[in-house]
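Trainee: I am new to this structure. Please show me how to read it.

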Amino acid sequence: MKFITIDKKDWAKGIDKSRGTYQLFGPVTDINGCQIKALDADVQPEMEYTDSVLSAKSVLFPQSEKILVTSLNEADDDHHIMKRADGDYTPRAVIGIRPYDARAIQLVKMNFDTEDYRDPYWCDAYEATTFVGLAINKPGPLDFSTSTGTGPFSEDGLDILLADMDDKFLAKVLTPKGEAYAAACGFNTEADAKESQVLFDVMRKDAEKTISSSVETDKLKDKTILDLYEAPFWDDVAFSCINCGTCTYVCPTCWCFDIQDENKLKASSRFRNWDTCMSPLFTRHATGHNPRGEKTMRVRQRFMHKLKYFLDKYDSGIMCVGCGRCVKSCPVNIDIRQVCETMNNYEKKE
Amino acid sequence: MDTCIQKIREIAGDLLEKGEVERVIGFAEGSIPMATSPVAISTKEDAQKLCFSSTCGLNLANYASKEKGKKIAVVAKGCDSRNLVTHIVENQIDRDNLYIIGVPCPGMVDKFKIAAEMGGEITGFEEAGDTLIVSTVDDKKELNKQDYLRHNCSLCTHKNPVLFDVLVGEEVEEQQLDNAYPDVDAIEALTADGRWKHFEELTQNCIRCYACRNACPLCYCPTCFVDESGPQWVGKGQDKTDVDTFHFLRAFHCAGRCTDCGACVEACPMGINVRDFTRKLNKDAQDMFGWEAGLTIDKRPPLDAYSPDDPNDFIK
C-alpha cells in the first residue's frame, strides 16, 4: 500500500495512456444525466460529478448480456448445443466509482461467487476489472452510507481510492491491481505515506461529519422473518407503489435477472436481462399462478430481501449501501430509510 | 394554497366521518424536498396528512381505478379529473362510487429543470405564491414558478377540474393558446431522418423500468403487451428495436385518450420526455376529430365510436 499524488494537469494524459491496456468505464453526462458508461476513446471520466442516476453495477452486470449461443441449423454437428458467447474480459478499469458502489459490488459478489456456484460472466468481468474509486468530499443529503457499513472514504472493494485535493488527486493504492493501473497511467509520484494517511483521515472525518441521513438496523437481526412478513404495515408501505422497476434498476445491490432466448434465422442467443421483483412477471409460474400476485407482496419482498433475508443469510449487514438513489428516483417517494425504521422498530402485538 | 389544503382536509375528514366514502385518495408530504406521495386515508384524523403543492405531479386517477367496488373520494387537479372522466367512459370507475374533490390547479413544477438550475442536490423547497424558494447545501435561490412549470402545465388549457363534486378553491383563469402544439410542429418540421434521429436519441437511455406506463392512468390492461409471454410480442432486453417498440405501441394505445397530464414524464427516472410520442397523437385527435380526451362523460372517444362524419375517406 502506498500513496501517490497526481497533478490534475497530468490526469487526462495518464488516463489516455492507460487506454492502451485497459478498456475504461466512468461517469459521463448526457441529456439524461450522469451515468457510468464505457468511455469512448475521446471521452474523459467526469471527476466533478455528484452522483450517477444508475450505479456502477452495469460494468460487471450489464442490463442485457448475451451469455450463450447456438445454431438451429440441423446440418451443423453441434446444433442446439449452447456454447458460451464471446465476451471481452481483457483488463478494464472503472474510474471514479463511488465507495458505496464498490461496497455494493462486494455484496453482489456474495451472490455471484459462492463456494457452490461461480457465475462465470460476472466473475470473469470482476476479475478483469480494476476499481479506481473517488472519495466523496461532500456527501449529498440522501447519502446514508455511514450507517450501512461503508462511507464516503470507504476502501472496501477498491484497488485505488482517489481523494480530490483541488489541484491534484491524492491516490491511495490499495492492491497490486491498483499498482498495475497506476503504472499503466504513468502515475508514480510517491507521497509520504504517513502524512497522506493523516490527510485521508482528516478528509474522511470531515466528509462523514456532513452526512446527516442514517438508518438504524440494530434490531432487525433479532426479529423473526414471519413476524416481519406478517406485520400489518405492508399495505400502507405499498399503497403508493406503481410497481415500476426504478428502485431495483437504480440500486447498486439488486442482482436479479431474467433469462430470454432470441432467435434470428438459424442462430439462437440466450440473454440475461436485469429483472425486477416489482413486476408481476418476476414470479408468474407457467401455470398462470403467481405466488406474488399482489402489489403488496412484491413491495414486501424487496424490503424483506434487502433488510432481513440478506442480513440473516450472509451476516454482513443489510443489502443496501446507503447511496440514496432509490429514494431520489422513486416516482412516488417510497423511502427505504423510513421502511427500514418501521421494520427495525416493529414489535408484534400479542 | 394553504386554504386549499385546509379545505381538502376538512372535506376528506367529513366524508370519512359520515361514512360517505371508505377511503380518500390524495397526496401526502414526501420524505425529501420536492417529493409528494399518493396516499389513501381512511380516518378523519389521518386526513391531516393530506397536502397539496406544485409537486403533486402524479395522476391520482391511476389509483382510483384500482379501488373497484369501493366508495372513494379522489383529490383531482384538472388533468386528474379528465382521466377520471376517461375512466368513467371506459367503465373503469362507477361515477356513483366516486366523489371528486376538485382542485383548480396552479400548475406543477419541473423537478429536473429546477435540479439543473440549482446544480447540486436540493435540500429545501418552499413555495410562496409564484415564487419558489429552493436551497442546496451551498446555495439558495428564489425562482419564478412560471419559468419552471412542467412543459405540459405551461400549455395546459384545463387547469380547472372538468368534473367534480366539490371545488376547494376559486376557479383559475384558463389560458388561450394560439398554438397548443409548438413542440409537435417542431418535430414535424424535421426531415424523416431528422425525426428518426430525434426519437432514437429520446429513448437512448431508457432502462425499461416501465415507470411511464405504470404512472399512466390509461395503462390498466390486465397484462400489458410487453409482459405477454405466450406468445411474446417484444424482446425484453436493451435492443433498441424492442425499446422503441414499447414506446411506439404504448403511445398508440393512448391515442385519443391521453390528457397530457405528464405523469409519465414525472415518473421517468431518466428524465425522458416520452410526451414527444403521445403529444403527436393528441394533436392528430384534435386535428382529425376535434377531440380532446376526458372533457365529458357524454361522448365516446373517437377511436371507439362509429360516426358517419368520420374524416377518413374509407368510411364514405
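Trainee: Are H1(A) and H4(A) roughly parallel or roughly perpendicular to each other?

Mentor: This is a predicted model, in which local features need pLDDT of at least 70, side-chain atom pairs count only at pLDDT 80 or more, and totals for chains, interfaces and linings use all residues. Residues are numbered from 1 along each chain as its sequence is written, and chains are lettered from A and ligands numbered from 1 in the order in which they are written. Helices (H or I, at least four residues) and strands (E, at least two) are DSSP runs, numbered from the N terminus. Axes are lines fitted to C-alpha atoms, for helices over the stretch in contact, and angles run from 0 to 180 degrees between N-to-C directions. Angles under 35 degrees count as roughly parallel, over 145 as roughly antiparallel, 65 to 115 as roughly perpendicular and the rest as oblique. Helix H1 (residues 8-18) and helix H4 (residues 176-185) of chain A pack at about 110 degrees, their axes 7 Å apart, and are therefore roughly perpendicular to each other.

Trainee: Which residues of H1(A) and H4(A) make the contact?

Mentor: Two residues are in contact if their C-beta atoms, placed from the backbone, lie within 7 Å. H1(A) contributes A:Gly14, A:Ile15, A:Lys17 and A:Ser18, and H4(A) contributes A:Tyr181, A:Ala184 and A:Cys185.

Trainee: How many residues of chain A are in contact with chain B?

Mentor: On chain A, 31 residues are in contact with 31 residues of chain B. Helix H8 (246-250), strand E11 (257-264), strand E12 (267-274) and helix H10 (325-329) of chain A each supply at least two residues of that side.

Trainee: What ipTM does the predictor give the complex?

Mentor: The ipTM is 0.95, and the pTM is 0.96.
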